[in-house]
4 protein chains.
Amino acid sequence: MAQRKEIIGVIGGSQVEKALYALAQEIGRGIAGRGAILITGGMGGVMEAASQGAKEAGGLVIGVLPGSDAAEANPWVDVPIVTGMSHARNTIIARTAQALIAVDGSYGTLSEIAFALIFSKPVIGLQTWEIDPRIHRVKDAKHAVELAFALLKS
Amino acid sequence: MAQRKEIIGVIGGSQVEKALYALAQEIGRGIAGRGAILITGGMGGVMEAASQGAKEAGGLVIGVLPGSDAAEANPWVDVPIVTGMSHARNTIIARTAQALIAVDGSYGTLSEIAFALIFSKPVIGLQTWEIDPRIHRVKDAKHAVELAFALLKS
Amino acid sequence: MAQRKEIIGVIGGSQVEKALYALAQEIGRGIAGRGAILITGGMGGVMEAASQGAKEAGGLVIGVLPGSDAAEANPWVDVPIVTGMSHARNTIIARTAQALIAVDGSYGTLSEIAFALIFSKPVIGLQTWEIDPRIHRVKDAKHAVELAFALLKS
Amino acid sequence: MAQRKEIIGVIGGSQVEKALYALAQEIGRGIAGRGAILITGGMGGVMEAASQGAKEAGGLVIGVLPGSDAAEANPWVDVPIVTGMSHARNTIIARTAQALIAVDGSYGTLSEIAFALIFSKPVIGLQTWEIDPRIHRVKDAKHAVELAFALLKS
């Protein structure tokens with residue numbers, strides 16, 4: 001039996017400007033390019049950008065949706081996990097990912113960072129909340145992906 | 001962009017005798033053989049049997065775990081979704097699957113059947129709870145899988 | 001420090017005919033009359049009837065709401081617990097109550113009965129699902145309340 | 001029918017030094033003294049201190065527990081709400097409270113602040129996370145309570 005693939009989360013705002021969309025897309029591409037599964041909240045913005053990037057690189061994309069309808073998922077999600085639990089689903093993303101990369105984001109992202117730190121998951125941050133020395137700050141997508149794989153929690 | 005694959009759930013007891021293990025395994029094989037993704041609660045018994053079958057047929061297996069540790073997943077799970085929400089995760093399985101096949105099972109399975117009926121998902125039953133005319137009763141794995149695909153909720 | 005009051009749950013359909021409304025109301029009155037706290041799903045039908053009865057007897061009423069707005073609670077709820085988790089809140093009612101009385105009800109009630117049995121909570125049933133010998137069947141409100149207090153899980 | 005009482009949340013670390021315990025206790029006393037219900041996460045530290053204060057002032061204390069056992073609640077909790085959902089219960093506290101007072105606290109408190117801001121609930125902070133201008137910073141218990149009542153979200 002083959003080993004399980006790694007799972008990396010990308011978290012961030014559901015609305016995002018062009019430059020950050022491209023950045024998150026590159027991160028998704030990097031995650032899939034190195035053979036890991038991508039998990040996000042399944043909606044728009046950073047989540048969609050990373051999903052698109054991962055699909056372009058032939059990866060598998062899991063989207064953990066807050067609502068009760070799989071059709072809410074962005075078009076790049078392979079497996080919409082339909083929770084119907086609203087923001088409580090943020091804990092699931094933080095628990096399932098073995099490392100998380102945060103790009104931009106507002107209070108939802110902040111809650112996911114908080115949960116990731118509670119669960120002792122590595123968090124890499126790009127232009128996001130500067131609240132804690134445990135968030136590894138990087139400057140570009142390449143370093144974000146490299147660091148996520150280097151710090152992966154088994 | 002390719003269409004999303006269908007997702008079919010298999011629910012049932014976490015401990016199961018040999019004959020039912022073989023039955024659930026055959027169901028998993030049938031689901032993957034027809035190209036759908038399998039979702040289960042990720043633990044032992046019926047969940048493990050269906051997962052093993054799906055992997056044998058080259059499929060993708062999602063396991064929505066009640067606990068907080070991915071290592072709890074049975075060895076055939078490709079993507080352990082770690083909820084940390086105990087039995088509340090049963091709603092997620094019922095919401096995510098487009099049809100559910102119940103094999104044997106106790107009160108946890110009963111709760112999943114109840115949620116599936118609330119969400120108007122088709123439920124196919126084999127040697128399981130006989131509580132409602134909306135549960136489609138079948139006698140073997142082949143018919144269970146055929147009916148699940150015939151009734152899939154988009 | 002005084003001992004904590006007992007907590008008893010009443011579960012059942014969100015729409016209910018007159019005779020069952022009166023029955024659930026009498027159950028709520030009996031629970032509060034004996035000094036226990038009532039917990040329900042906070043919505044209409046059986047939940048509202050029991051809440052009204054408990055308030056008439058001077059009791060305290062907790063309503064564990066599925067939605068995200070306290071205003072959804074029926075008017076007899078003292079403390080609306082706002083979960084925003086839809087049907088996943090059913091597990092909370094079954095976990096919090098030390099005994100549950102089921103009146104009528106559909107699949108939501110069925111899921112709550114299932115969870116109560118998983119958590120080894122006593123379940124008393126009136127004109128509800130006949131699925132398991134562990135559900136104590138009674139004929140009137142008086143016996144339902146008496147049995148709930150006799151079987152209370154500490 | 002009388003109007004529902006207000007519900008105010010106190011959030012903060014499960015372990016806390018003496019001076020902060022006294023501060024949270026005074027906040028609990030102030031909340032109950034003004035006739036509101038106190039809601040906390042039901043555990044130790046700031047949660048326990050506020051609960052003790054509220055009980056001393058004759059108030060009602062709700063504790064929304066992460067675990068599956070009511071016995072985990074601190075001794076001042078009147079109504080232990082047993083979620084069994086671990087940190088996902090943080091969303092319930094933020095949804096149920098009409099205003100929240102944060103005292104000290106670590107990542108769990110941070111997640112609750114994040115959810116409170118998502119749900120547009122007023123947040124008053126004492127020696128806690130300084131992450132957002134929307135957190136109203138005060139210096140003592142008296143002002144925290146006054147501000148919470150002044151800003152209550154109906």
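Buried area is the accessible area, found with a 1.4 Å probe, that two parts lose on being put together, summed over both. In this predicted model, local features need pLDDT of at least 70 and side-chain atom pairs count only at pLDDT 80 or more, while totals for chains, interfaces and linings use all residues. Residues are numbered from 1 along each chain as its sequence is written, chains are lettered from A in the order in which they are written, and side-chain values use heavy atoms, with hydrogens and water left out.

On the side of chain A, 89% of the area buried against chain C comes from A:Gly84, A:Met85 and A:Ala88, more than from any other three residues. With contact taken as heavy atoms within 4.5 Å, four residues of chain A touch four residues of chain C.

What kinds of residue does chain A bring to this meeting with chain C? Two are nonpolar, two are polar and none is charged; in this grouping Gly counts as polar, whereas Ala and Met count as nonpolar. Between chain A and chain C there are zero salt bridges (a side-chain nitrogen of Lys or Arg within 4 Å of a carboxyl oxygen of Asp or Glu).

Now to chains A and B. When superposed by least squares on the C-alpha atoms of residues with pLDDT of at least 70 in both, chain A can be laid on chain B with an RMSD of 0.0 Å by a turn of 180° and a shift of 0.0 Å along the axis. The two copies are therefore related as by a two-fold rotation axis. Within chain A, the residue that comes closest to the rotation axis is A:Ile81, its C-alpha at 4.5 Å.
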